[in-house]
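Let's walk through this model together, from the overall form down to single side chains. Have the structure open and turn it as you read.

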Amino acid sequence: NKSLKQYHETTLSLTEAKATAEASHAMAKSDLKTTFEDLEGLNGVLGDLRSSCDFLLKNFEARQNARSAEMDALREAKAILSGMATS
């Protein structure tokens with residue numbers, strides 16, 4: 001009788017341990033799936049950022065030259081308008 005009681009308690013304990021382990025496993029699988037989904041999203045963002053940065057770096061010198069030409073044109077226009085004001 002005592003042996004049966006001990007067997008029953010051991011079985012119950014192992015069943016509870018198995019249920020806990022299965023719950024932990026299910027949660028870990030869910031966390032892993034969520035992590036992979038997050039990584040996929042971040043990989044997409046990284047790709048967008050890379051293409052944006054590549055575009056900016058590729059066109060930086062051209063944009064810098066255009067801004068310099070624009071500033072020169074504004075200085076020239078200012079000089080012309082200043083000359084008109086004093087005449």
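**A walk along the helix**

Arg67 is partly exposed, with a relative accessible area of 45% (buried means under 20%, exposed over 50%, partly exposed in between, with a 1.4 Å probe and protein chains only). Its side chain meets that of Glu70 in a salt bridge of 3.8 Å, N to O; a salt bridge here is a side-chain nitrogen of Lys or Arg within 4 Å of a carboxyl oxygen of Asp or Glu. Both residues lie in helix α1, three residues apart.

A word on the source: this is a predicted model, where local features need pLDDT of at least 70 and side-chain atom pairs count only at pLDDT 80 or more, while totals for chains, interfaces and linings use all residues. Residues are numbered from 1 along each chain as its sequence is written, and side-chain values use heavy atoms, without hydrogens and water.

Now step back. The chain has one helix and zero strands (DSSP runs, H or I of at least four residues for helices and E of at least two for strands, numbered from the N terminus). Its C-alpha atoms fill a box of roughly 120 × 25 × 10 Å along the principal axes, and buried residues make up 0% of the 87.

The whole structure holds three salt bridges. In another of them, Arg75 pairs with Asp72, with the closest N and O atoms 2.9 Å apart. Lys18 also bridges to Glu22, at 3.9 Å, and these two sit four residues apart in helix α1, about one turn. Lys18 is exposed at 53%, whereas Glu22 is partly exposed at 48%.
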